[in-house]
Amino acid sequence: MNFRGARWLVVITGLGLTGALLRWLSAPLLLHRPAADRPDVRAETFAGAMGQGIALGIFGGFRPLVADFLWLQVQDRWEARDLGGTLGHLRLTTAVDPQPLAFWLNGARIIAYDMTEWRLAGLTRGDAMSESVGKRIEAEQARMALAWLREAERFHPGTPVLQIERANVQLNRLHDVAAAAASYRSAAELTDAPYYAARLHAELLRRLGRKAEAYAWLRKIHPKLPPNDAAAAAGLVLARLRGLEADLAIPPRQRYRAD
Amino acid sequence: MTAVPFSLRRVWLIACVTALEAARQRVFHLVLVLAMGLVLGAHAFREFNFGASELKFMADFGFGALTVFGSVLTIVATAQLFFGELEHRTALTLLAKPVWRAEFILGKIGGVMAVVTVFCALVTLLLLGTLYFRQQTLLAEHPELSESARALDPMAIIAVGVAHWLKFGVLAALTLLIASFARTSLYAVIVGFVMLLICHLHPLARLASARTDSWLLRGVAGMVSLIFPDFQLFDLSASIDSVGAAGAASLIRLVAYAGLYFSVLGSLAVYSFNRREL
């Protein structure tokens with residue numbers, strides 16, 4: 001081996017040994033970070049974004065700004081009702097910066113609602129006549145939106161608004177009331193969940209005919225609602241409880257706050 | 001050179017001269033003005049902010065400027081200052097005297113780091129000031145919101161600035177290692193930027209080595225992830241809200257990671273330069 005080759009070998013061996021030695025030191029450094037900022041979690045979306053010439057945004061530190069400009073592109077494609085362009089730019093935006101929830105939430109709504117309308121509007125008269133085609137498109141878009149939200153939850157685990165959005169899609173597009181009720185419940189059980197998630201869970205249970213479950217749920221949540229917070233709507237929840245007590249013919253003594 | 005013992009004083013003198021030279025370079029003035037201009041102008045770009053809070057956006061923008069221009073400064077200044085000595089033959093004159101090559105390399109890296117330190121400190125302090133004034137304006141405009149709702153922890157900002165500085169230290173040592181092999185400063189600068197990219201894409205190499213079925217690709221990706229330092233570890237700006245929660249232990253780990261890489265890369269640069277024909 002010549003002199004220069006030996007130098008390379010020593011350098012590469014030295015760096016390799018250092019890399020192996022420092023693995024134990026570097027691994028815990030990522031653990032405290034939010035999932036949306038963990039390079040190991042983001043690596044797959046990184047790979048998708050790299051081919052599109054936006055490396056500067058990824059490694060240069062201007063990630064949020066690049067993502068914002070890409071979001072403008074999403075709006076531009078959305079106005080043109082360009083399904084492929086909108087979806088591509090949505091994916092690119094969240095690949096560059098998966099932190100802002102607004103990108104994920106608006107993306108899910110665009111996929112579930114707007115894209116369904118675009119596809120339906122593009123159908124020929126014959127296809128449009130067929131109700132089953134419309135339902136199939138609606139279901140396809142809803143499933144795509146749910147997959148999008150699952151991806152969002154990888155970066156933002158335990159975020160109530162994402163679970164509420166999932167419930168909304170399940171309810172309004174898949175018309176799966178039971179699944180929506182379960183999603184509202186899982187949202188309601190998270191910290192910082194908005195009060196309405198719990199109310200919607202009960203309302204859907206009532207709609208499914210599971211009134212006893214709805215009653216038990218409302219009895220559980222009502223004592224925790226702050227009476228002076230309009231968003232908590234403690235009075236409304238109490239009214240629902242009374243209505244369910246009447247429906248379920250609960251004896252007066254067993255009623256909630258019977259005294 | 002073994003006739004005289006290794007001297008930290010000579011390292012210091014070379015570092016001082018290098019720092020003075022670096023501070024006189026146009027590239028330093030240019031990147032400093034551009035970075036500070038971007039930090040000051042971050043407020044003007046807030047119309048393009050759709051996802052994060054205004055102060056977070058401004059902080060991200062400022063750290064973006066620090067990353068880009070700090071990387072440019074580190075790579076270009078290291079390569080230019082090293083090859084400047086070789087091209088002007090001053091290195092020959094210097095090394096003909098009782099000066100170790102290790103002292104020369106350590107002095108060079110010390111001088112570059114002094115300039116990078118000034119750059120990081122100025123940009124981080126300016127960013128801190130800009131964020132403070134904007135926060136005060138926001139509080140005056142929206143007194144109904146609590147201060148804690150919109151404040152960014154100054155210690156977290158400083159911690160992110162320090163993390164960038166650590167990264168530039170590793171990058172300077174890496175560039176010097178490349179320069180110890182290279183024949184021209186242009187080659188060192190180009191390879192330096194390629195290395196910067198590879199170090200930032202470290203997670204991709206790890207992913208590829210874990211996922212691919214091809215043993216060749218797995219081997220190459222595994223080697224890349226083993227050989228190069230992971231610069232994503234230093235990018236704390238996106239998770240600035242959780243920097244405080246991470247605690248001092250994480251920052252100490254980061255300092256140890258950077259320090260060990262800096263030492264190894266510096267030692268390898270010394271080794272390589274010792275075996276270089278001038």
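Start in chain B by selecting helix α1 (residues 8–24) together with helix α5 (residues 101–141): their axes come within 7 Å and cross at roughly 45 degrees. That angle makes α1(B) oblique to α5(B). Turn the view to look through one helix at the other, and you will find that α1(B) passes α5(B) in a right-handed crossing. Bear in mind on this tour that the model is predicted.

Now show the side chains where these two helices meet. From α1(B), pick B:Arg10, B:Val11, B:Ile14, B:Ala15, B:Val17, B:Thr18, B:Ala19, B:Ala22 and B:Ala23. Facing them from α5(B) are B:Glu103, B:Phe104, B:Leu106, B:Gly107, B:Lys108, B:Gly110, B:Gly111, B:Val112, B:Ala114 and B:Val115. Colour the set by class, and the contact of α1(B) with α5(B) shows 12 nonpolar, 4 polar and 3 charged residues.

Stay in chain B and move along to helix α7 (residues 154–181) and helix α8 (residues 185–200). Their axes lie 9 Å apart, and the helices pack at an angle of about 135 degrees. With that angle, α7(B) is oblique to α8(B). Here again you can check the hand: α7(B) passes α8(B) in a right-handed crossing.

Which residues of α7(B) and α8(B) meet? On the α7(B) side, select B:Leu171, B:Leu174, B:Thr175, B:Ile178 and B:Ala179.

For the complex, the predictor gives an ipTM of 0.77 and a pTM of 0.79.

Next, switch to chain A and give each domain its own colour: domain 1 (35–98), domain 2 (100–193) and domain 3 (195–250 + 254–258). Zoom in on the contact between domains 1 and 2 of chain A, which takes 13 residues from domain 1 and 12 residues from domain 2. On the domain 1 side, select α4 (63–79) and α5 (83–96) of chain A, each of which supplies at least two residues of the side that touches domain 2. Which helix gives the most to that side? It is α5(A), with 5 residues. By class, the residues on this side of domain 1 divide into 8 nonpolar, 3 polar and 2 charged.

For the last stop, select helix α6 (residues 101–121) and helix α9 (residues 160–172) of chain A. Their axes come within 11 Å and cross at roughly 5 degrees, so α6(A) and α9(A) are roughly parallel to each other. Show A:Leu101, A:Trp104, A:Leu105, A:Ala108 and A:Ala112 of α6(A), then A:Val161, A:Leu162, A:Glu165 and A:Val169 of α9(A), and you have the residues that make the contact. The contact of α6(A) with α9(A) has 8 nonpolar, no polar and 1 charged residues.

Conventions:
Residues numbered from 1 in each chain as written. Chains lettered and ligands numbered in written order. Predicted model: local features only at pLDDT ≥ 70, side-chain atom pairs only at ≥ 80, totals over all residues. Axes fitted to C-alpha atoms, helices over the stretch in contact; angles between N-to-C directions. Helix = DSSP H or I, 4+ residues; strand = E, 2+ residues; numbered from the N terminus. Parallel < 35°, antiparallel > 145°, perpendicular 65-115°, else oblique. Left-handed = near helix turned anticlockwise from the far one by under 90°. Contact = placed C-beta atoms within 7 Å. Nonpolar A, V, L, I, M, F, W, Y, C, P; charged D, E, K, R; others polar. Domains from an automatic or database assignment.
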